[in-house]
Amino acid sequence: VRPVALSSTARVLLRAGPWLGLAVGVSLSLGSATSAFSESYTLDADGMRSAAALSIEQRNPQQALALADALLQRNAEDVEAMVLKSRALRDLGNYREALDTAREAHQLAQSDVEIYSTSLARAQALSSLGARTRAQFWLRMAGQHAPNEEARARAIRDFRYVRSRNRWNTKLSFSVAPTSNVNDGSVHDTISYGGLQGIVLDGSARALSGLSYSGGVTTSYRFSESRNHQTEVGLHLFHQSYLLSDEAQEQAPDAEGDDFAYSSVAVGLRHKWRPESWSTPLEFSLLAGQGWYGLEDYSRYTRSAIARAFPLGKSTLLRLEAGGEQFRRVTDDAEQRSLHASAMLLHEFDNGGGLQLNFGLRDAESDTGSLDYSRILGGVGYTLPKPIGSARVTLELDLEQRLYENYPTLDTRGFFIVMTEQEREDLTGSVGVQFFFDKVEYYGFSPTVTLRHSETRSTDDRYDTVETGLNFGFRSNF
């Protein structure tokens, strides 16, 4: 192989071996080095690969490109040389050619090291082209095939960097959950109502068991930003439906899972503003949406909120939020106006455990009694400091009180049954345990399993409910 001029630093680091180029040359964040003097040396192929990697590190992409091209003349399917060439082309500003070279290298890659390196190279080129969402995919690919923890950490670091620069932010969610109460039906077969005893509820008014499945996507675009602010517009889509169990279909032959399906579409605007003296921003949000229940047009709503997080030391965070909502139920043109306030406290213990406390208030006003209520809720979650088996475990407890001052109901007046308004109070408690299998990972996502049981006790027997559900989902590790 032809002689090349190398610095004294390069001559020392060449001893690290041929794969130094993959460890150093394809990171999205590279260090720098200086050259002391140059001499001519004759290098074999491995030495030229290492020299090309050192040239990239020393910010001499033209020399790296010449070395990589020489290696490819020797072997047109040299994956490592193609990675180095892609990196050099990217540093020279030839982003499209860098992407084409990285794509060709990836098609030839076979080992985890090669897939990891070519994925990083593709992410680099895509990020430079402004295609940061696709770059994030290839960084997840790199993390999936990382040959060791150090390489995985590099892929995660670069993923977070690209995500912070990406004006588009997209989150996907989906879950499958067996449940004992699809329709939020009563736990009773017979109730007392309007002074009458032993009223038999029909099958669809009682709890129906089945399988819940849901999916959603939230995507936002940050169209304005500066040192002190960020403004983004977003779109949210959600759908949840059910498959009724055989037992439920026997109980309510005319019912179908889609009768209880819920879908929504909403568009929103979020603005974050942080004065120079603040450590966290103030968030303003506005959301307008439409909902469907049972596949029929159901509601229109607009929501607004203001929120801010307050760091309380190194391991504690307090988040406060206040807002309002305007809601209209299309089916009967009923309207509701509500105000809410909430607080959330997060704390990480030195032993690795975590604590989350939630508290919220909501006051809803409406001329329709079923929409006129006040609500108080609180919750606590505790993540155990050590995994149980391969899962991080979080224990959850939530309590809620809901008070309707003028809920419409029937009442007996002598021989007559009339519609009146009475006070109704619901008390709901739920307990749950969540298992997060963070050691079981696929492209940066790990499975979650949540078991939850909730019960509601109401002054109106119709609204006494019990539900037990098991939810399966996925969560991103980074």
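Me: What is the relative accessible area of Arg167, and how do I read such a value?

Reply: Buried means under 20% relative accessible area, exposed means over 50%, and partly exposed is in between, with a 1.4 Å probe and protein chains only. Arg167 has a relative accessible area of 32%, so this residue is partly exposed. The model is predicted: local features need pLDDT of at least 70 and side-chain atom pairs pLDDT 80 or more, while totals for chains, interfaces and linings use all residues. Residues are numbered from 1 along each chain as its sequence is written, and side-chain values use heavy atoms, without hydrogens and water.

Me: Where in the chain is Arg167 found?

Reply: Helices (H or I, at least four residues) and strands (E, at least two) are DSSP runs, numbered from the N terminus. Arg167 sits in the loop between helix 9 (149-165) and strand 3. As a whole, the chain contains 18 strands and ten helices.

Me: Which residues does Arg167 touch, apart from those up to four places away in sequence?

Reply: A contact means heavy atoms within 4.5 Å. With residues up to four places away left out, Arg167 touches Ser220, Tyr221, Arg222, Phe223, Ser224 and Glu225. Arg167 and Glu225 are 58 residues apart along the chain, and their C-alpha atoms are separated by 9.6 Å.

Me: What share of the chain is buried, and what share of contacts joins residues at least 24 apart?

Reply: Of the 478 residues in the chain, 41% are buried. Among contacts between residues at least 6 apart in sequence, 58% join residues at least 24 apart.

Me: How do I read a salt bridge?

Reply: Side chains of opposite charge can pair when their charged atoms come close. The cut-off is a side-chain nitrogen of Lys or Arg within 4 Å of a carboxyl oxygen of Asp or Glu. The structure has 29 salt bridges. One of them pairs Asp189 with Arg206, at 3.1 Å from N to O. Asp189 is in the loop between strand 3 (168-179) and strand 4 (190-193), and Arg206 in the loop between strand 5 (196-200) and strand 6 (210-225), so the pair ties together parts 17 residues apart in sequence. Arg206 is buried, with a relative accessible area of 19%.

Me: Which residue forms a salt bridge with Arg452?

Reply: The partner is Asp398, and the closest N and O atoms are 3.4 Å apart. This pair links distant parts of the chain, since Arg452 is in strand 17 (residues 445-458) and Asp398 in strand 15, 54 residues apart. Arg452 is partly exposed at 27% relative accessibility, and Asp398 is partly exposed at 28%.

Me: How do I read a nonpolar surface patch?

Reply: Patches are made of residues with over 30% relative accessible area and no salt bridge; like charges are joined within 9 Å, and nonpolar side chains (Val, Leu, Ile, Met, Phe, Trp, Tyr) within 5 Å. Here Leu357, Val380, Leu397, Leu399 and Val431 make a nonpolar surface patch of about 390 Å². Areas come from the Shrake-Rupley method with a 1.4 Å probe, and for residues only the protein chains shown count as cover. Leu399 is part of strand 15 (residues 392-413) and is exposed, at 54% relative accessibility.
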